[in-house]
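Here are my notes on the model you sent over.

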Amino acid sequence: MSPDLQEPLGPARRLARLASRVPVVGPALRSVWARLSDLGFRDPSSYWESRYAKGGTSGEGSYGRLAEWKADFLNRFVVERDVSSVVEFGCGDGAQVALATYPRYVGIDVAPSAIARCVTRFRDDPSKRFVVLSDDALRERADLALSLDVLYHLTDEKVLAVHLGALFDAAERFVVIYSTDAPLPAGVRHGAHERHRPFTPWVVANRPQWRLVKRVANPFPIGTPGGPTSAADFFVFERAAADQADRVSSTNGSLTEPRTKSDKT
Ligand SMILES: C[S@@+](CC[C@H](N)C(=O)[O-])C[C@H]1O[C@@H](n2cnc3c(N)ncnc32)[C@H](O)[C@@H]1O
């Protein structure tokens, strides 16, 4: 464990200190973490940072047959729906992103160690950019916003709501979520850092301009022999056409914010 993680500081302050080692973070990032900490974000953020800082990975859903299936679905979706830019909230260690063939991508994660790993791993790929969760990061906009294997790790209701709000607000046309939408069946065990429950009612109640247009079951549900399994499915949301037209006219026809920074951070 790194010395920082042994300090008697609160988790949000430990993360802020670790973040200072990742480029392009500062007061804005500290303010986001302060808010998340106020919201009870302590456990998820410190859990992931600690895991990555010790050399851990994003988990078995980001590797092997599950990762390949997720990537195949998303790569096809991006081509079929003519998606020009993608932002992901909770990009992890880059294992899943390595299988992506998107035209332009920004990965955001709460764990500075994960972002540092991705910046190094993809330093020769100008189509990909990575930033730690911050107020600046929350201003990213793209055709498609992703949250993959993240929701059920957000055990606090307010943190889940903040994540979902940021996700839908970042997306111009589509949101794709890979998650469970119900408690796991009785007898199925899961990690202490997981909480499986419905999230779709939040979307109906809080983002009425969005429609769930497709749910796609993963082909390796719990109990499937031969490798990692998952209880998560893909949920595809589309912004209502009238709302898209409103956003285009209010942004002078541009569907994404102009990029003023270099591709890598
Ligand atoms: C299971 S990993 C999934 C990684 C990647 N999305 C994938 O599918 O391979 C969950 C990731 O979500 C990140 N995370 C947790 N809470 C977050 C939040 N509120 N905002 C952004 N990232 C978050 C964690 O640091 C971790 O990297």
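1. Let me start with a loop residue. D82 counts as exposed because it has 9 C-beta neighbours inside 10 Å; the cut-offs are 20 or more other C-beta atoms within 10 Å for buried, 12 or fewer for exposed and partly exposed in between, with C-beta atoms placed from the backbone. D82 belongs to the loop between α5 (64-80) and β1 (86-89). Helices (H or I, at least four residues) and strands (E, at least two) are DSSP runs, numbered from the N terminus. The phi of D82 is near 55°, a positive value in a residue other than glycine. For background, most residues other than glycine have a negative phi.

2. A word on what you are looking at: this is a predicted model, in which local features need pLDDT of at least 70 and side-chain atom pairs count only at pLDDT 80 or more, while totals for chains, interfaces and linings use all residues. Residue numbers start from 1 along each chain as its sequence is written.

3. Is D149 buried or exposed? D149 is buried, with 23 other C-beta atoms within 10 Å. This aspartate also has a positive phi, about 60°, although it is not a glycine. D149 is placed in the loop between β4 (142-148) and α7.

4. Now the overall picture. The chain has 9 helices and 7 strands, and 39% of its 265 residues count as buried. Of the contacts in the chain with a separation of 6 or more, 70% are between residues 24 or more positions apart; a contact here requires C-beta atoms, placed from the backbone, within 7 Å.

5. The sheet is open and has 7 strands in the order β3-β2-β1-β4-β5-β7-β6, with mixed pairing. β3 (128-132) and β6 (210-217) are at the edges with a single partner strand each, so one side of each is left without a neighbour in the sheet. From one strand to the next the twist averages 20°. Two strands pair if DSSP finds at least two bridges between them.

6. Going through the pairs, β2 and β3 run parallel over 5 bridges, and G107 stands opposite F130 in β3. β1 is joined to β2 by 4 bridges, again parallel, with V86 opposite Y105 in β2. On β4, β1 has a parallel partner through 3 bridges, and V87 stands opposite A145 there.

7. How many residues of β3 are buried? The count is 5 of its 5 residues. Both faces are covered, with K128, F130 and V132 on one side and R129 and V131 on the other. Helix α6 (residues 112-121) lies across β2 (105-109) and β3, at about 160° to β3; axes are lines fitted to C-alpha atoms, for helices over the stretch in contact, and angles run from 0 to 180 degrees between N-to-C directions. In α6, 7 of its 10 residues are buried, among them P112, I115 and C118.

8. β1 is also covered on both faces: V86 and E88 are buried on one side, V87 and F89 on the other. In strand β4 you will find D143, which is buried with 21 C-beta neighbours inside 10 Å. The C-alpha atoms of D143 and S85 are 5.3 Å apart, although the two are 58 residues apart in sequence.

9. The largest nonpolar core has 54 residues, of which V86, L144, A145, L167, A171 and V175 touch the most other members. Such a core is a set of buried Ala, Val, Leu, Ile, Met, Phe, Trp, Tyr and Cys residues joined through C-beta atoms within 7 Å. Helix α7 (residues 157-170) gives the largest share of this core, 7 residues. Leaving out residues up to four places away in sequence, L144 touches V78, V83, V86, A171, R173, F174 and V176.

10. Finally, the ligand. It is surrounded by 24 residues, the closest being W48, S62, G90, G92 and Q96; the criterion is a C-beta atom, placed from the backbone, within 6 Å. α4 (42-53) and β2 are the elements that give two or more residues to this shell. By type, the shell divides into 13 nonpolar, 9 polar and 2 charged residues, where Ala, Val, Leu, Ile, Met, Phe, Trp, Tyr, Cys and Pro count as nonpolar, Asp, Glu, Lys and Arg as charged, and the others, Gly among them, as polar.

Terms used:
Contact = placed C-beta atoms within 7 Å.
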